[in-house]
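Me: I am new to this structure. Can you help me read its features, step by step?

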Amino acid sequence: MINAAITAVGHYLPEGRLTNADLEKMVDTSDEWIRTRTGIEERRILKDPDKATSYMAIEASKMILERRNIDPDEIDTIIVGTVTPDMLFPSTACLVQFGLGASNAWGFDVSAACSGFLFALSSGVSFIESGHSKKVLVIGADKMSSIVDYTDRTSCIIFGDGAGAVLLEPTEDGHGVLDSVEYTDGSNWRILCMHGGGSLHPATRETVDQRMHFLTQDGQHVFRYAVQGMADVSREIMKRNNLTGDDIRYLVPHQANQRIIDATARRIGITMEKVMINIRNYGNTTAATIPLCLADWESELRRGDNLILAAFGGGFTWGSSYVKWAYDGSPDSES
Ligand code: UT7
């Protein structure tokens, strides 16, 4: 039985910081409101106008290649979860392939909003399990600042920029991504979307005037569905793998709102010290949140640790993966 193991993690966070104090000067909000309603204190912003999502995805991937001493030619497949591709086409994966010099790789983007990394991950797992690929780069990367309306206080306080990546490789020792479940419900597409820029509403003077090239959301609706969706899907994957809260080393939730994370953990019976949370420092980086958590906690992870990854996002899309971690610590910490 061949499983796909996560054998390395990489990440990239831009230097630029957008604090709650900065936002207080931009919209009618307060540090107190943002912290208590979302748990966020600051976000990273890619300020260089010549750089976009592919830049962050390439940097996160380079980190993996360097740490593992892997030649770019060895990569077979590149899958990028993103809703902020550099352009509509070519895909971000093409730009990553070029940027890395991964001359033997093919690749594509997965558009699943906040579930982008998990959907990309289960796609990558299939290529490993089928024997199609031996080395798959799965990346979650978003430059949310490119589609956030910084006059809309209900959404601009949430999002940040960043990228995280994992390497998938085959293993037969029972570790790896052991199970995944995914859902979509397109009936709720309007609740969290960006109306302009696609084939329905291509860019015109009117679409710009009507601010249709910015993300829009009904926050309360998303909140309710997210709590339910993340908890249900995590419970489902735990149940079918005979896992209880005690068996789980870490819940790795999408970082959309601290209150969504708290409610999810409570509903599935996982205590807060076993939940990866870094929303305070980065906000919601959409497809990048889960691999950024893995990067932040990598040094603490041990071979055999059971992780439940869970996400919910626009579409709606949601899903969960059960991962038996395949290695000890991080190469940098020499643990
Ligand atoms: O990853 C998927 C992406 N999106 C999400 O996951 C979003 C999920 N939703 C949320 O995180 C929350 O719904 C928000 C953070 C967006 C909003 O928090 P909330 O607790 O649901 O606030 P609300 O929309 O119920 O608004 C409560 C009040 C309203 O004022 P009134 O009508 O009670 O006077 C809002 O106008 O808070 C007001 N408000 C703000 N006040 C200060 C909304 N945004 C802000 C703000 N600063 N930034």
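Reply: Start with pairing. Two strands count as paired if DSSP finds at least two bridges between them. This is a predicted model. Here strand β11 (residues 250-253) and β12 pair in the parallel sense, over four bridges.

Me: Which residue stands opposite L307 in β12?

Reply: Y250 does.

Me: In what sense do β12 and strand β13 pair, and over how many bridges?

Reply: The sense is antiparallel, and there are eight bridges between β12 and β13 (residues 317-324).

Me: How many residues lie between β12 and β13 in their hairpin?

Reply: Three residues lie between them. Look at G315 in that turn: its phi is positive, about 140°.

Me: Which residues of β12 sit on each side?

Reply: N306, I308, A310 and F312 are on one side. L307, L309, A311 and G313 are on the other. Both faces are covered.

Me: Is R224 buried or exposed?

Reply: Exposed means over 50%. R224 has a relative accessible area of 51%, so it is exposed. R224 lies in helix α8 (residues 219-240).

Me: What separates the C-alpha atoms of R224 and C94?

Reply: They are separated by 36 Å. Along the chain, R224 and C94 are 130 residues apart.

Methods: Residues numbered from 1 in each chain as written. Predicted model: local features only at pLDDT ≥ 70, side-chain atom pairs only at ≥ 80, totals over all residues. Heavy atoms only, no water. Buried < 20%, exposed > 50% of the residue type's maximum accessible area, 1.4 Å probe, protein only. Helix = DSSP H or I, 4+ residues; strand = E, 2+ residues; numbered from the N terminus.
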